[in-house]
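Please walk through this model with me, from its strands to its loops. Keep the sequence and the structure side by side.

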Amino acid sequence: MGGSGVHSYHPILNASSGTGYVTTVGGLNSYVTGSHLALFAVVLMSDIYAPDLLNNDPFDDNDVNRPLDVWSQDHPPENVSADVKPVIQDLKRRGFSKIGIAGFCWSGLGAADIAKTQLVKASVLSHPSFVQGNNFQGIKAPIAIYGGQNDTLTPPWRIIEIERVLRDARPQVAYEVKIFPNVEHGWTLLYDPNDPEAAKAADKAHRMMINWFDKHVSELRNLVM
């Protein structure tokens, strides 16, 4: 879900890209990379442009007959956690003992919901959409949230509200909250790679996410997208 000025693209699951492969995990087509001998995994959940959680129905900016409010009726973010839980359970059956989860934009609410369960060891939300402070009550897994200074969908004051909920939670869980300067909604995914400042901000967020999972999931080897 891109804000104004955000570089948008429509990725597809492509087995010829990178070092991974496309397979079915928990009933969903997924791109998997990493060693099959790994015991730990991280599930990356899409924004509204990627097809894995969307049944090959990503949002199309050019479809004037199906604007975002209409498209969202077919893909409510409240359903994300229910769709992803079978993926996590399938990974556990395959022998992955510790799992982390990351939600971007549209899937951020799902990542928060799953962090309230015992299914994952850690969660990361990057520029989440459709979230409020009360969505973070009852969080059980360590959680990191990365917002953007110029994000109009989830503005900084909303991120601060969420941080307050996490800070005041009893019992407390480990959390990390950061508002990145001079970035708009979607900056970790939908950035212009030819813009050095945009690429630098995205890279920093990616590294922070990996560090968070390294700390709380440990020995990160596999990614499932």
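Helices (H or I, at least four residues) and strands (E, at least two) are DSSP runs, numbered from the N terminus. N56 is found in the loop between β3 and α1. This is a predicted model, in which local features need pLDDT of at least 70, side-chain atom pairs count only at pLDDT 80 or more, and totals for chains, interfaces and linings use all residues. Residues are numbered from 1 along each chain as its sequence is written, and side-chain values use heavy atoms, with hydrogens and water left out.

Stay with N56. Its phi is positive, about 60°, although N56 is not a glycine. Most residues other than glycine have a negative phi. N56 counts as exposed, because its relative accessibility is 60%. Exposed means over 50% relative accessible area, buried under 20%, and partly exposed in between (1.4 Å probe, protein chains only).

H127 also has a positive phi, near 35°. H127 sits in the loop between β5 (122-126) and β6 (143-148). Is H127 buried or exposed? H127 is buried, with a relative accessible area of 0%.

Now turn to the strands. β1 (residues 21-25) pairs with β2 in the antiparallel sense, over five bridges. Two strands pair if DSSP finds at least two bridges between them. T24 has N29 of β2 as its bridge partner. Two residues lie between the strands of this hairpin, and G26 takes a positive phi near 60°. Five of the six residues of β2 (residues 28-33) are buried, so β2 is largely enclosed by the rest of the structure.

A cis peptide bond joins R170 and P171, with omega about 0°.
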